[in-house]
Amino acid sequence: YWHSCSQNTNRTCEECLKNVSCLWCNTNKACVDYPVTKILPPGSLCKLSSARWGVCWVNFEALIIAMSVVGAAILLGIAVCCCCCCRRKRRRELDKSDEKEMREREERRMRQEERRAEMKSRHDEIRKKYGLFKEENPYARFENN
């Protein structure tokens, strides 16, 4: 059953707020239709600190502050989660790039070792060809005489 909010004026807050479309004003004990075209009730209708909607024990000011705090906490939580995820992702990418860098460094070292061994063998061939090869025992040449 639906009835006009003004019928509950000068009664109790609980009786007024049984209808969700009603707003209770504590200063003048008035039960009025909630101005649905506006988000907040205008000051001419009732001061926010005296206005009650939904429950009698929370005034509109406290409700707005509480909702703002909860909203800010949710946004902060989302921002922290996003930052943590981005850092974790960046850390994984760095680990992969570090691993790749170490692999490339090892490959370069191996290629350098191969080039060094190749150059040594080439130099040894040239030394042999011109008789400049260093023998393990330099006196071995004179032992046969």
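Being 4 residues apart in helix α2, Lys-120 and Asp-124 are separated by about one helical turn. A salt bridge joins Lys-120 to Asp-124, with the closest N and O atoms 3.3 Å apart. The model is a predicted one, and a search of the whole structure finds 8 salt bridges. Helix α2 covers residues 60-129, and several of the features below are placed in this helix.

**Overall architecture**

- The protein has 3 helices and 4 strands.
- Along the sequence these elements follow the pattern α-β-β-β-β-α-α.
- Of the 145 residues, 16% count as buried.
- Taking contacts between residues at least 6 apart in sequence, 28% join residues at least 24 apart.

- Lys-120 belongs to a network of salt bridges that links Lys-120, Asp-124 and Arg-127.
- Lys-120 counts as exposed because its relative accessibility is 52%, and the cut-off for exposed is over 50%.
- Glu-106 forms a salt bridge with Arg-109, and their closest N and O atoms are 2.5 Å apart.
- Both Glu-106 and Arg-109 lie in helix α2, with a separation of 3 residues, or about one turn of the helix.
- Glu-106 is partly exposed, at a relative accessible area of 38%, and Arg-109 is also partly exposed, at 41%.
- Arg-116 forms a salt bridge with Glu-113, with 3.1 Å between the closest N and O atoms.
- Arg-116 and Glu-113 are likewise 3 residues apart in helix α2, about one turn of the helix.
- Arg-116 counts as partly exposed at 48% relative accessibility, while Glu-113 is partly exposed with a relative accessible area of 37%.

**Surface patches**

- A patch of positive charge on the surface gathers Arg-87, Arg-88, Arg-90, Arg-91, Arg-92 and Lys-96.
- Arg-87, one of the residues in this patch, is found in helix α2.
- With a relative accessibility of 55%, Arg-87 counts as exposed.
- A nonpolar patch on the surface is formed by Val-70, Ile-74, Leu-75 and Ile-78.
- Together, the residues of the nonpolar patch have about 400 Å² of accessible area.
- Ile-74, a member of the nonpolar patch, lies in helix α2.

**A buried loop residue**

- Ser-50 is placed in the loop between β2 (30-33) and β3 (51-53).
- Ser-50 is buried because its relative accessible area is 8%, and buried means under 20%.
- Leaving aside neighbours within four places in sequence, Ser-50 is in contact with Trp-24, Cys-25, Asn-26 and Thr-27.

Note on methods. Residues are numbered from 1 along each chain as its sequence is written. This is a predicted model: local features need pLDDT of at least 70, side-chain atom pairs count only at pLDDT 80 or more; totals for chains, interfaces and linings use all residues. Side-chain values use heavy atoms; hydrogens and water are left out. Patches are made of residues with over 30% relative accessible area and no salt bridge: like charges are joined within 9 Å, nonpolar side chains (Val, Leu, Ile, Met, Phe, Trp, Tyr) within 5 Å. Accessible areas come from the Shrake-Rupley method with a 1.4 Å probe; for residues, only the protein chains shown count as cover. A salt bridge is a side-chain nitrogen of Lys or Arg within 4 Å of a carboxyl oxygen of Asp or Glu. Lys and Arg count as positive and Asp and Glu as negative; His and the chain ends are not counted. The place of a charge is taken as NZ of Lys, CZ of Arg, CG of Asp or CD of Glu. Helices (H or I, at least four residues) and strands (E, at least two) are DSSP runs, numbered from the N terminus. Buried means under 20% relative accessible area, exposed over 50%, partly exposed in between (1.4 Å probe, protein chains only). Contact means heavy atoms within 4.5 Å.
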